[in-house]
Structure formats: C-alpha cells, structure tokens
Amino acid sequence: MSDVAAVARAAPAAAGAPGRLLWHAAALSAGFWLLFAAASVTDARLFNGVDVWIKPQKFALSVAVHFATLAWALSWMSERARSGRVLHGFVAVGVLCGLLEVIYIGVQAGLGQASHFNDATSFHAFAYTLMGIGAVLLT
C-alpha cells in the first residue's frame with residue numbers, strides 16, 4: 001500500500017470531531033451534487049439559456065471539495081489544536097452555511113428562479129443578503 005493511500009484512509013480518523021463533521025458534510029454535499037446531476041438529466045428547463053441545474057451542481061461540488069480539503073488539512077493539525085472549542089464552532093458554522101447555501105440554490109433551481117442577484121421579493125433580497133453573509137462565514 002502506498003504512503004498516500006495510507007494517509008488518505010487515516011485522514012478522517014486523524015482529523016478529530018471537527019474533521020469528521022467536515023467529512024460528513026463533504027459527503028452530503030457530494031450527494032446533493034449527484035441529485036442535481038440526475039435532475040439535470042431528467043429536467044430540460046433552462047434559465048437564461050442555461051440548464052437550471054448547472055449552478056446547483058457547481059456549488060454542491062465546490063462545497064464538497066472545500067469541506068474535504070479542510071477536513072484533510074485538520075488531520076495535519078495537532079490534537080490540541082483540533083480539540084479547541086473555537087475550531088469546533090467555526091467548523092459548525094461553516095458547515096451550516098455551506099449546506100444551507102447549497103440547499104437554497106437547489107430549491108431556487110427547482111423553482112426555476114435566480115438564487116443570486118434576485119431581489120424580486122423582499123424574501124429573495126433577504127435570502128441573497130444571508131447568502132453573502134454565509135459565504136463570508138464559510139471562508
């Protein structure tokens with residue numbers, strides 16, 4: 001077995017509780033990506049000339065890669081650093097923001113509406129503002 005494969009297998013356990021949360025969130029976001037890809041195959045609707053499911057697919061995949069990368073990076077941190085409450089809090093907030101954003105973008109795609117720059121109603125304008133705050137907290 002190669003050293004890289006051994007590190008990849010050990011990373012979820014080595015990352016501690018915040019890392020496990022990130023790995024689970026990455027898997028969930030990858031699941032959303034698969035769901036949105038299936039919807040793209042079965043739903044021919046377009047929004048501004050583009051498949052309505054393209055944006056949710058891009059966001060779900062990018063969030064999955066982001067979470068997996070953070071989880072992998074945590075596996076290289078000391079146990080002391082990984083066990084701090086501040087890190088747990090930041091990870092929980094980041095996971096919540098990332099997953100809610102993916103879900104909202106998917107819902108908007110299902111409705112055939114814009115998820116970004118949508119100020120058609122006060123709800124959509126508020127949701128877009130929350131997405132901006134969430135994006136800052138996610139990063």
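This is a predicted model: local features need pLDDT of at least 70, side-chain atom pairs count only at pLDDT 80 or more; totals for chains, interfaces and linings use all residues.
Residues are numbered from 1 along each chain as its sequence is written, and side-chain values use heavy atoms, with hydrogens and water left out.

**Exercise 1. Find the elements of the chain and their order.**

Step 1. Start with the inventory: the chain has six helices and two strands. Helices (H or I, at least four residues) and strands (E, at least two) are DSSP runs, numbered from the N terminus.

Step 2. Now walk along from the N terminus, and the elements run α-α-β-β-α-α-α-α.

Step 3. Turn to burial, where buried means under 20% relative accessible area, exposed over 50%, and partly exposed in between (1.4 Å probe, protein chains only). Of the 139 residues in the chain, 37% are buried.

Step 4. Finish with contacts, meaning heavy atoms within 4.5 Å. Among contacts in the chain with a separation of 6 or more, 66% join residues 24 or more positions apart.

**Exercise 2. Work out how H2 and H3 are oriented towards each other.**

Step 1. Locate helix H2 at residues 16-42 and helix H3 at residues 54-74.

Step 2. Read off the geometry: they pack at an angle of about 160 degrees, with their axes 8 Å apart. Axes are lines fitted to C-alpha atoms, for helices over the stretch in contact, and angles run from 0 to 180 degrees between N-to-C directions.

Step 3. Because of that angle, H2 is roughly antiparallel to H3. The scale is this: under 35 degrees is roughly parallel, over 145 roughly antiparallel, 65 to 115 roughly perpendicular, and the rest oblique.

Step 4. Sort the contact residues of H2 with H3, and you get 21 nonpolar, four polar and no charged. Here Ala, Val, Leu, Ile, Met, Phe, Trp, Tyr, Cys and Pro count as nonpolar, Asp, Glu, Lys and Arg as charged, and the others, Gly among them, as polar.

**Exercise 3. Bring in helix H5 (85-111) and describe how H2 and H3 pack against H5.**

Step 1. Take H2 with H5: the angle is about 5 degrees and the axes are 10 Å apart. H2 and H5 are therefore roughly parallel to each other.

Step 2. Look at who takes part: Leu21, Ala25 and Phe32 are among the H2 residues, and His88, Ala92 and Ile103 are among those of H5. This contact divides into 15 nonpolar, three polar and no charged residues.

Step 3. Take H3 with H5: the angle is about 165 degrees and the axes are 9 Å apart. That makes H3 roughly antiparallel to H5, and their crossing is left-handed.

Step 4. Residues of H3 that meet H5 include Lys55, Phe59 and Val63, while H5 brings Gly94, Gly98 and Glu101, among others. The division here is 13 nonpolar, three polar and two charged.

**Exercise 4. Which residues of the largest nonpolar core touch the most other members?**

Step 1. A nonpolar core is a set of buried Ala, Val, Leu, Ile, Met, Phe, Trp, Tyr and Cys residues joined through side-chain atoms within 4.5 Å.

Step 2. The largest one has 20 residues, and Leu22, Phe36, Trp53, Phe67, Val91, Val95 and Val102 touch the most other members. H2, H3 and H5 each supply at least two residues of this core.

Step 3. Zoom in on Val95, which touches Leu21, Leu22, Ala25 and Phe67, not counting residues up to four places away in sequence.

**Exercise 5. Is Gln57 buried or exposed, and what about Asn48?**

Step 1. Gln57 lies in helix H3. Its relative accessibility is 14%, so Gln57 counts as buried.

Step 2. Leaving out residues up to four places away in sequence, Gln57 touches Trp33, Phe36, Ala37 and Ser40.

Step 3. Asn48 sits in the loop between strand S1 (46-47) and strand S2 (50-51). Asn48 is exposed because its relative accessibility is 70%.

How values were computed
A crossing is left-handed if the near helix is turned anticlockwise from the far one by less than a right angle, and right-handed if clockwise.
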